[in-house]
Amino acid sequence: MLRSICIALSGLVFGLGLCISQMVDPIKVLGFLDIAGEWDPSLALVMMGALIVAVPGFTAVLRRSQPLYANDFPTPNKLNIDARLIVGGLLFGCGWGLVGFCPGPSIASLAYGLPSSFIFVAAMIAGISLANGFSKAFSKT
């Protein structure tokens, strides 16, 4: 039960941070990505602020022998760069650059009730489902 409460609180703090920093506003994000036009550097400050909190936090956590609510720390089981990683990164970057949304902020933006948020999240879920289907189909051959 305590683990579930911690997970919910972490998600709430993350979502609030996205909302307060305006990372859920596609116009703000696109302004940050528009380095050739009227560039808005404010999201770079948000990212630096996140690093100021995250780096000491990760350092402290990784000094522990194990996490609070698990037997061990998850480690990546795949270290090579393959076509799936490259295509996924390209799709993520194209989606973020064209629309101004990425997965976390798009879900947090649902709280505002904007139709564009719901359309993006529905398309994202459909894309994830398609990718999983293709992955399973190709892994069987």
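## Nonpolar core

The largest nonpolar core in this predicted model has nine residues. They are Leu-18, Met-23, Val-24, Val-29, Phe-32, Leu-43, Trp-96, Cys-102 and Ala-108.

One of these core residues, Val-24, has contacts with Leu-18, Cys-19, Phe-101, Pro-105, Ala-108, Ser-109 and Tyr-112, when residues up to four places away in sequence are not counted. Leu-18 and Ala-108 are also listed in the core.

## Helix H2 against helix H3

Two packed helices are described by the angle between their axes and the distance between the axes. For H2 and H3, the axes come within 8 Å and cross at roughly 95°. An angle of 65 to 115 degrees counts as roughly perpendicular, and H2 and H3 are therefore roughly perpendicular to each other.

On the H2 side, the contact involves Lys-28, Val-29 and Phe-32. These residues meet Ser-42, Leu-43, Ala-44 and Met-47 in H3. Sorted by class, the residues of this contact are five nonpolar, one polar and one charged. Val-29, Phe-32 and Leu-43 also belong to the largest nonpolar core.

## Helix H2 against helix H4

Helix H4 spans residues 83-99. The axes of H2 and H4 come within 8 Å, with a crossing angle of roughly 110°. H2 and H4 are therefore roughly perpendicular to each other.

Here H2 contributes Pro-26, Val-29, Leu-30, Phe-32 and Leu-33, while H4 contributes Trp-96, Gly-97, Leu-98 and Val-99. The contact of H2 with H4 has eight nonpolar residues, one polar residue and no charged residues.

## The salt bridge

The structure holds one salt bridge. It joins Asp-40 to Lys-28, and the closest N and O atoms are 3.0 Å apart. The pair links distant parts of the chain, twelve residues apart. Lys-28 lies in helix H2 (26-33), and Asp-40 lies in the loop between H2 and helix H3 (42-62).

Buried means under 20% relative accessible area and exposed means over 50%. Asp-40 has a relative accessibility of 21%, so Asp-40 counts as partly exposed. Its partner Lys-28 is also among the H2 residues that meet H3.

## Ser-106 in helix H5

Ser-106 is part of helix H5, which covers residues 103-108. Its relative accessibility is 0%, so Ser-106 counts as buried.

Apart from neighbours within four places in sequence, Ser-106 is in contact with Phe-101, Ser-117, Phe-120, Val-121 and Met-124. Phe-101 is also one of the residues that Val-24 touches.

Key
Residues numbered from 1 in each chain as written. Predicted model: local features only at pLDDT ≥ 70, side-chain atom pairs only at ≥ 80, totals over all residues. Heavy atoms only, no water. Core = buried A, V, L, I, M, F, W, Y, C linked by side-chain atoms within 4.5 Å. Buried < 20%, exposed > 50% of the residue type's maximum accessible area, 1.4 Å probe, protein only. Contact = heavy atoms within 4.5 Å. Salt bridge = Lys/Arg side-chain N within 4 Å of Asp/Glu carboxyl O. Helix = DSSP H or I, 4+ residues; strand = E, 2+ residues; numbered from the N terminus. Axes fitted to C-alpha atoms, helices over the stretch in contact; angles between N-to-C directions. Parallel < 35°, antiparallel > 145°, perpendicular 65-115°, else oblique. Nonpolar A, V, L, I, M, F, W, Y, C, P; charged D, E, K, R; others polar.
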